[in-house]
Amino acid sequence: MKLKKQVTVCGGAIFCVAVFSLYLMLDRVQHDPSRRQSGGNFPRSQISVLQNRIEQLEQLLEENHQIISHIKDSVLELTDTGAVSPSGQLPFRSANGSWVLPFDGRPTFLAVKPQDCQFALGHRGQADLQMLDVYSLLSFDNVDGGVWKQGFEITYEPTEWDDEPLQVFVVPHSHNDPGWVKTFDKYYTEQTQHIFNNMVVKLTEDPRRKFIWSEISFFVKWWESVDTLKQEAMRKLILGGQLEFVTGGWVMTDEANAHYFAMIDQLIEGHQWLERNLGVIPCSGWAVDPFGHSATMPYLLKKANLTSMLIQRVHYSIKKHFASTRSLEFMWRQAWDPESGTDLFCHMMPFYSYDVPHTCGPDPKICCQFDFKRLPGSRVNCPWKVPPRAISETNVAERAQVLLDQYRKKSKLFRSKVVLVPLGDDFRYDKALEWDQQYINYQKLFDYMNSHPEMHVQAQFGTLTDYFSAVYKANGVVMGARPPAYPVLSGDFFVYADREDHYWSGYYTSRPFYKNLDRILESHLRGAEILYSLAVSHARHARMEGRYPTSDYSLLTDARRNIGLFQHHDAITGTAKEIVVIDYGTRLLRSLIGLKRVIINAAHFLIMKNKDVYRFYQTEPFLETVRRAPCVSVTRVSACLWLLLFKQFIPLGVLTPASFMARLPALGLAVFHLYDSADSPMTLRSDTLLRLPGHSQSVRGVDPLPVRSQAADPQPFYIQTQSLMLGFSGTTGLLESVRRKDDAQEVRVQMQFFTYGTRPSKDKSGAYLFIPDGNAKPYMQKDQPIVRVVEGPLFAEVVAHYQHFQQTVRIHNVPGVDGLSLDITTLVDIRDQTNKELAMRIVTDIQSEGTFYTDLNGFQIQPRRYLQKLPLQANFYPMPTMAYIQDSQYRLTLHTAQALGASSLASGQLEVILDRRLMQDDNRGLGQGLKDNKRTANRFRLLLERRSKASGAPVSFPSLLSHMTSAILNHEVLALPVIPKKRGVPPLRTFSPLAAALPCDFHLLNLRSIQNQDSHSPSPHTALLLHRLGLDCGLEAHNPGFNCTTTQGKLAVAALFRGLDLQLLQPMSLTLMHAGTPLSNGSAVALEPMELATFKIQLH
C-alpha cells in the first residue's frame, strides 16, 4: 500500500504540474500587453502563435498521459511480479531474532494427480540381465585366460559351419578424437583431412571397399573446404553404400559427465547437417572410446530412430562373463520401461581394445599379424614380435586358415554365425599407402576364402549396418527387432576398468573448472535458443522480420558446435593435454560472449512496449550482460530463467551487495527499476558477524554494512529462516545439522573434508585413473578457520575460510522451492598441492545400508551398491546432477551444478571429489598429469526430504521438489542491465511468453530454431523438445511457491505461447530426421512418464 500511495502521489504531482502549466500559459495569452483586440478579432499572426501553443500543450498533455500510463504500468508490473515487499509490508525480526518475510498471500497450490504418481510404483518389463545383479554375482578375480589374457580359451568343432557358413564383415574405420593430445584444428590439418582426401580416391578404386565414419565435426570442416568435384565424389560413395555415417553426432560423446541436453544437442547438430547436405539418415550407433557406457545413450538413439548400437569400453570381468554366456549382444532396455518400447539392439565388443590386434579374434599376437600398416619398414610394429606378412599366392592359403581360425573363435562368443571384425585404430588411413596395404591384402584373403567352399565362410568388407542387417536376417527378424532368445539387459556400464584395479573413475572429476563452465554454457545456450525462437516468431507476427537481427543465428550455430565439441570423450572428461584444454576453453568463452549477445538482442525486442520504436544497432547494444558481482542478487519465488534489470543508477566506488525478492514469469523477462537509496526505510541491512580464532584480531566495519567480530568458541551456533534451521560447529564453522521447521527432529548432516593421495609405487592416479593410497585422511590445517555469519531478511549464510577451500552455506528466507534447500558453494584452490585429491563428505544418521543413487546424464536415476569386494576407486560413480541416500524416514539429495565423481563409502554418507592435482601421467596415452588446476567454485544444493511412503521399487526417481531444485541450480536467473541512453529509455514491459503454465512434470528441454535448407538463417520452423519427468510422490509434498499441476501427460501446445498462432504441429523423431503425421493445431500432445518427444512447430 505504501508504494502504491507514493506512486499515486507522484503521478498526481506530475499531472497537477501539467494542469498548472496549462493555466499559466493561458493566463499569459490573456494578459499579454502586446495583444490588442481589433474589431473583436485577433491578428492572424497571434492566432497562429496561439494555435501553435495549443498544439504544444496538447502534445505536452499527451506525453504527460504516456508518462503517467508508463509509471502506472511499471507499478502494476512491479506489484504483479512481487518485486517489492508483498502488501507493502517490510520484513521484520521475530521475538527469537529470526527474520519474518511477509508474503503477498497470493494463493498457490500443488495438485499432482494420483495417476501421475503410479509410474514410479508400477510394473517394470522383465530384464534377463540386471547390471546390479551381475555386479553382485561376479567375483572380479582376474584369472589369466591364456592368449586372451582377460578371458578364457575358446574351442570349436570344424564342422560347426557346414550347414550355415560363417559370414564375416570386416569394417574399416578410423577413430578421430576432436581434440586430445593435439587440438581439433591441428588434428584436422595434420591427419584427418588426409584421411578424407585418400578416402575419396581409394574407395572409388573398388566398389567392394567399405568404410565407416563417426565424428561429423571433422567431416563438416573437410566438406566446407573442398571443391564441388570432391563433394560429388564423396556423395557418390555415400549413396552407393561404401561410406556409412555411424551415430552421426557432432562428436562421439562422453557418457559419464555429459548432460542429456548437450548429448541431444550435439546429436541434432550432426544429424541435421547430414540430412541438409547429404540426405543421409544414420541407422547404427558406434561408441568405441567413451570410458564406460550410460543407459541414457540407447534411449536417445532409439528416439532418434536408430536400430542398433555398438559399445566397447566395459569392465573386463563383465566382458568375460557376457562372453562366457554368449550375452555380448542384447536388447538394452531402460530400467523404468514398463514394457519393451525402449529396447535397442546392442553389440558389445569382447576384447581389450578397438585396435586391430584386439578385434579379429582372441589372440592379439595373431591378429596383429593382419594389421598390414605394421608391415616391416613401418614406424608401427607388433609388440608380440611377429610382424605381418604381405599376402601372396605362396602364403595366402596358410594366412587365410590362420585368420579364419580367429574369426571362428570370435564367432563362438555370439549367438549368430555372423561375425563383426573392426579394422582400424586412432587416426588410421591418413596415408594412401595404408589404404593399399589393408584393402589389397584383405581382398586377397577374402577372395581365397570365398573361392574355397570347404572353408564354409563368406568374408567381405562391410559397414556397421551391413553387419547388423545380416544378424537380423540370420535370425529371421526385421531391423531393430529382438532376435529369438537374445537376452534383455537393463542398467549401465560404469565403472570401467581395462586391467587389474585400474578403474577409470578419476575423470568423473578431472578439471572441474571446465565441467562447471560447460554447464554454464548449456544453460546460456538453452536460454538463447528459447529467447531467439520467441523473438523471431514475435517479429514475424508483427511483420518486423527485416528489422530483427536474425543474423544472430550464426552465433547460435557457433555455440551449438563448440558446446557439442566439448561433449567429446576427451574434452568434458578433462583428459586432454593442457594446450588442448586451453583451446576448448577459448572456444567456450567465445560462444558464451556470442550467446550473451543473442540473449540481449532477443530480450531488447521482447521487452519493448511499443515495437514501432524498436531499433537495432550492432554497435549500440540496448542491454549488457557484464556481471558486476556482487552488486545485485535475486531471490526467486518461481521457476524462471531471466531477470532484466533496468539500471537507472549504480554508484561508483565500493560495491555493496543488494538483494531483492522477485516473482518472475516462466521462461520470461521481468523489468525492474533500481534506485540508489541506501537510507530509504525500504532498505534493510544484513548483520555480519566474524568468528575469529583467538583474541588477537579485531575487525571494524564501515557503513553501510557494519561488521561485528567475536572470538570463536566450541559451542555450536545456528542460522535460520522461516523454513529451515541449520546448526554449525563452533570449532570448524562447518554444517552439523538441519532441521526443517515443520519437523521437530534435528537431523545430523555433518560436513567434513578429506584428502586422498595416490599409490607410492607402480601405477598412480592420473587424468583418467583414480588409484588412491588407501582410505582418505581428514583435511588438516594449523589454524582454525575464520568464519563469517551473515543474517538478513532474504537470506542467512555461513562462510568458513580454510587454506584450500572456502565453503558458503546459504539458506534463502523466501517461500517455495528456493527456500527449502541449502545453497552450498565450495571454492577450491589446491594449486600448491602435490598428488592430492580433495573430497567433501556428508555424514548423516540415515540408514542407507550401502545403497545410494546417482543420476545418469541428468536424465534418470541409477541405483548403486557399495561393494566391499571391489577396491575403493571402483565404488565411485559419475554424478552429473545429483546423488542421494535414503531410509524409511528421510532422503538426502546433493544436487550439483557440475559433473563430479561421487560415492557412499559407509551407511549414511555421501562423498564427492571436488578437485584433483596429480603430477604424473597414468599411462593411457595422454602423456601429462593434471597440473593446470584453477580456483574453482563447485556449486551444490542440499535437499533434505521426509519420506511419507517408503517404496521398495527397484527403480528410483527424484521428487517433484528435487527436479525443481536441480532446475534452479542449473538455470540461474540472468541479470541484464539496461545501458543508459542519451534520449532516455523507451517504455518497457515484462515479457511472459507462456499463456498457460506447463504441467509441472513437463520440462521444456529446448525450443530450437531449425536452419534454412540453403542459408545460415532460421527457417519458419522450430523444434520443441519436451521431457516428461518421472516422479517419486512418496516424499512429503511442499508448496513450490507457484501453481503446480499435472495433467496425466497431456499438453495443449496451441494454447501454450501467448500472442502467437500455432500453424504447424508435427511429431518428429528426436533429431528431426523422421517425420510423423502433422496433428491438428488444436490437438493436445500426450507424453508418457520419462518420455522425450520432439515436435516441429511453426509459430506466427
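A residue counts as buried when its relative accessible area is under 20%. By that cut-off R511 is buried, because its relative accessibility is 7%. The model described here is predicted.

**Nonpolar cores**

- The largest nonpolar core has 253 residues, and the members that touch the most others are F219, M234, F322, Y407 and F493.
- Helix α16, spanning residues 578-607, gives the most to this core, with 14 residues.
- A second, separate core of 23 residues includes V288, L310, Y354 and Y472.
- In soluble globular proteins, nonpolar side chains tend to be buried together.
- Beyond residues up to four places away in sequence, F493 touches M131, G292, H293, I311, V314, I318, F322, F330, W332 and M348.

**Buried residues and their contacts**

- A602 lies in helix α16 and is buried, since its relative accessible area is 0%.
- When residues up to four places away in sequence are not counted, A602 touches L531, Y532, A535 and Y548.
- A602 and D552 are 50 residues apart along the chain, and their C-alpha atoms are separated by 9.4 Å.
- Q312 is found in the loop between β9 (308-311) and α9 (316-324).
- With a relative accessible area of 1%, Q312 is also buried.
- Setting aside neighbours within four places in sequence, Q312 is in contact with A287, V288, H293, K319, M349, F351, Y352, S353 and Y354.

**Backbone features**

- Most residues other than glycine have a negative phi, and most peptide bonds are trans.
- The peptide bond from F494 to V495 is cis, with omega near 10°.
- V495 is found in the loop between β14 (488-490) and α14 (512-541).
- R511 is also found in the loop between β14 and α14, and has a positive phi of about 55° although it is not a glycine.
- M1090 is likewise a residue other than glycine with a positive phi, here near 75°.
- The loop between β45 (1084-1086) and β46 (1092-1099) holds M1090, which counts as buried at 3% relative accessibility.

**Cavities**

- The structure holds 12 cavities of 30 Å³ or more.
- The largest cavity has a volume of about 120 Å³.
- Its lining consists of M131, L132, Y135, S136, D492, F494, Q862, P863, R864, R865, L867 and Y877.
- By class, the residues lining the largest cavity are 7 nonpolar, 2 polar and 3 charged.
- Helix α3 (131-137) and strand β32 (860-865) each supply at least two residues of the lining of the largest cavity.
- Of the 13 residues that line the second largest cavity, T247, E255, W286, A287 and M297 are the closest to its centre.
- By class, the lining of the second largest cavity has 9 nonpolar, 3 polar and 1 charged residues.
- Strands β8 (284-287) and β9, together with helix α8 (296-303), each supply at least two residues of the lining of the second largest cavity.
- Among the contributors to the lining of the second largest cavity, β8 gives the most, with 3 residues.
- A287 is in contact with Q312 and is one of the lining residues closest to the centre of the second largest cavity.

Definitions and conventions
Residues numbered from 1 in each chain as written. Predicted model: local features only at pLDDT ≥ 70, side-chain atom pairs only at ≥ 80, totals over all residues. Heavy atoms only, no water. Core = buried A, V, L, I, M, F, W, Y, C linked by side-chain atoms within 4.5 Å. Buried < 20%, exposed > 50% of the residue type's maximum accessible area, 1.4 Å probe, protein only. Helix = DSSP H or I, 4+ residues; strand = E, 2+ residues; numbered from the N terminus. Contact = heavy atoms within 4.5 Å. 1 Å grid on protein atoms, 1.4 Å probe; cavity = no way out; pocket = protein on both sides within 12 Å on 5 of 7 lines; lining within 4 Å. Points joined across faces, edges and corners; volume = space filled by probe spheres on them. Nonpolar A, V, L, I, M, F, W, Y, C, P; charged D, E, K, R; others polar.
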